[in-house]
Amino acid sequence: MSSKSLSNGLEDLEAQAGCFAGLFKLRRFKSTDSKADPKSAPVQIRHTPETGSDLPPYVQFAHGWCCSHDAPLFDLTSPLDSEKPPAYDGGRFLPEVVTTIEDKLKELSPELRKLSLDIWNHPEILWEEKYAHDRLTSFLSEHGFAVTPHYLGLDTAFRAVFTHKSSSGRSAKESRVIGVNSEMDALPGIGHACGHNLIAMSGVAVSLAIKAALQKHDIPGSVVLLGTPAEEGDGGKIKLLERGAYDDMDACIMSHPTIGPDNFSAIWPGVACQPIEVEFFGHGAHAGSAPWEGQNALDAAFVAYASISALRQQIKPDHRVQGIILGRDWAPNVIPDYAKLRYIVRAPTWAELDVLRERVKKCFDAAALATACKIEVALGGGYFELRNNDVLGQEYASVVGDTYGMKTVTAGGSVAFSTDFGNVTYALPALHPAYTIPGEPNGGNHTPQFAKAAATPEAHAITLKVATGLAATGVRVLADADFAYKVRKFFEDSRATVTP
């Protein structure tokens with residue numbers, strides 16, 4: 001990462017929309033001695049001082065659960081298949097396919113590990129994922145995929161496709177397409193602290209495993225891997241979605257690492273999220289001799305900030321409004337003529353966010369009116385909550401549960417992360433499970449400690465287990481027409497109940 005990229009990224013850090021930070025607080029985690037090889041790293045990951053015993057006992061947990069220890073949001077004891085009747089009960093699908101997938105991933109594991117570490121050692125912020133783009137497209141080309149780099153006018157996006165035509169003579173018109181996503185962007189200053197090196201590698205692993213299963217078991221269909229840049233704040237998937245990148249897919253799958261209980265996966269809805277940027281324009285004046293000649297833009301910012309702070313008492317507990325104040329050329333003896341606010345509004349659903357956003361905007365307008373300042377409000381791209389497909393989720397949970405004893409749960413309430421994959425789940429059947437990797441105390445997503453965790457051999461091994469579950473689920477979409485129908489029907493039925 002260049003120094004220019006780093007400085008630009010640091011300015012944008014507070015407005016990161018994609019976020020898996022803050023998911024767990026209920027248990028301590030074992031630290032790991034496993035380390036990635038830092039020799040080839042072009043930048044230094046900054047680590048915070050060891051805090052351990054310096055923190056009070058109630059802080060000695062990894063980030064996340066936002067309730068008291070006595071009132072957890074989620075029931076970790078209830079697996080997905082016991083919380084409600086299965087969305088699709090078609091029996092276990094072709095165990096031999098799972099064996100093929102496992103064998104392929106075991107064979108490719110050393111290459112995939114190297115791929116993940118190469119990306120980890122070259123962290124690039126949103127829209128600057130050039131090394132990752134080139135490394136991933138080269139790798140996929142070498143493994144038999146037809147690759148389109150710089151896809152749909154996005155310099156660091158790509159499309160890689162493999163199609164198998166069955167010897168049974170089933171027409172191409174009858175075959176289906178499964179989509180897979182690989183995220184690539186890092187965070188400013190702290191590298192792959194959201195584990196996107198693992199997500200990039202996982203997308204490749206899932207795609208190559210599906211390819212192997214299609215070939216060995218003569219299953220017709222296509223797997224399309226999209227390299228999706230700029231998840232951490234600028235909605236790369238939204239841009240790809242708007243440009244038609246997902247149009248030919250029957251379903252799309254991906255996963256995301258976090259910190260939590262061992263051998264654990266979760267199908268969470270996340271929350272909807274939208275950044276707002278507000279600029280106040282006033283008039284400068286000498287603060288001592290003629291303050292009455294000024295219109296104080298900093299006052300406008302603080303009135304807005306205070307109004308939103310008051311508003312929080314009247315918003316729901318699972319709604320979030322957070323922000324910062326920025327300025328330029330401020331001095332105590334000059335009435336500030338400019339101030340900027342950068343806020344993020346979150347709510348469990350996009351419909352709720354629509355309402356909350358309008359209440360927040362009124363605070364900005366009131367501040368401008370009170371201080372006689374002009375105002376400009378710019379809304380950033382909105383991230384919808386995840387609408388995970390239950391049929392896909394049930395199949396995934398079944399595979400990782402039967403194969404690895406991995407527990408998969410759904411949330412009993414909102415988990416406060418946001419991702420642009422939420423918008424994908426509104427457009428087509430899709431699945432986005434989270435899974436846990438070993439971490440350190442206070443080392444959840446978006447921390448230097450999580451960047452370290454994302455490079456460990458243990459994280460790699462767990463990611464391949466999850467990739468097995470996703471690949472098997474993807475193969476079933478391609479091979480089982482009844483299953484694919486149920487996937488689509490669930491999507492259509494759920495879409496009829498919610499309008500973004």
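Start by selecting Asp354, Arg357, Glu358 and Lys361: in this predicted model, these four residues are joined in a network of salt bridges. The structure holds 20 salt bridges, and a few of them deserve a stop.

**Charged pairs**

Next, select Lys316 and Glu352. Their side chains form a salt bridge, with N and O 4.0 Å apart. Lys316 sits in the loop between helix H7 (297–311) and strand E9 (320–327), while Glu352 belongs to helix H8 (residues 350–371), so this pair ties together parts that are 36 residues apart in sequence.

Now move to Asp420 and Lys237. Here the closest N and O atoms of the salt bridge are 2.8 Å apart. Which parts of the chain does this pair tie together? Asp420 is in the loop between strand E12 (407–410) and helix H10 (421–427), and Lys237 is in helix H6 (residues 236–242), so the bridge links parts that are 183 residues apart in sequence. Are the two residues buried or exposed? Asp420 is buried, with a relative accessible area of 0%, and Lys237 is buried with a value of 0% as well.

One more pair: select Asp480 and Arg476, whose side chains meet in a salt bridge at 3.1 Å, N to O. Both Asp480 and Arg476 are buried.

**The sheet and a helix across it**

Switch to a cartoon view and colour the strands of the open sheet. Its 6 strands run in the order E1-E2-E4-E3-E5-E13, with mixed pairing. Look at the edges, where you will find strand E1 (146–149) and strand E13 (430–431); each has a single partner strand, so one side of each is left without a neighbour in the sheet.

Then zoom in on strand E3 (residues 177–183) and strand E5 (residues 251–253), which pair in the parallel sense over 3 bridges. To find your bearings there, select Ile178, which stands opposite Ala251 in E5.

Most residues other than glycine have a negative phi. Two exceptions are worth a click. Ala230, in the loop between E4 and H6, has a positive phi of about 60°. Ala230 is buried, with a relative accessible area of 0%. Asn263 also has a positive phi, near 50°, and you will find Asn263 in the loop between strand E6 (256–259) and strand E7 (264–267). Asn263 is partly exposed, at 29% relative accessible area.

**The nonpolar cores**

Which residues have the most contacts inside the largest nonpolar core? They are Ile101, Leu112, Leu136, Val204 and Ile210, in a core of 63 residues. Centre on Leu136: beyond its neighbours within four places in sequence, Leu136 is in contact with Leu115, Ile119, Phe158, Met184, Ala200 and Val204. Apart from this core lies another, of 28 residues; to find it, select some of its members, including Leu341, Ala347, Val360 and Tyr426.

Key. Residues numbered from 1 in each chain as written. Predicted model: local features only at pLDDT ≥ 70, side-chain atom pairs only at ≥ 80, totals over all residues. Heavy atoms only, no water. Helix = DSSP H or I, 4+ residues; strand = E, 2+ residues; numbered from the N terminus. Buried < 20%, exposed > 50% of the residue type's maximum accessible area, 1.4 Å probe, protein only. Pairing = 2+ DSSP bridges. Core = buried A, V, L, I, M, F, W, Y, C linked by side-chain atoms within 4.5 Å. Contact = heavy atoms within 4.5 Å.
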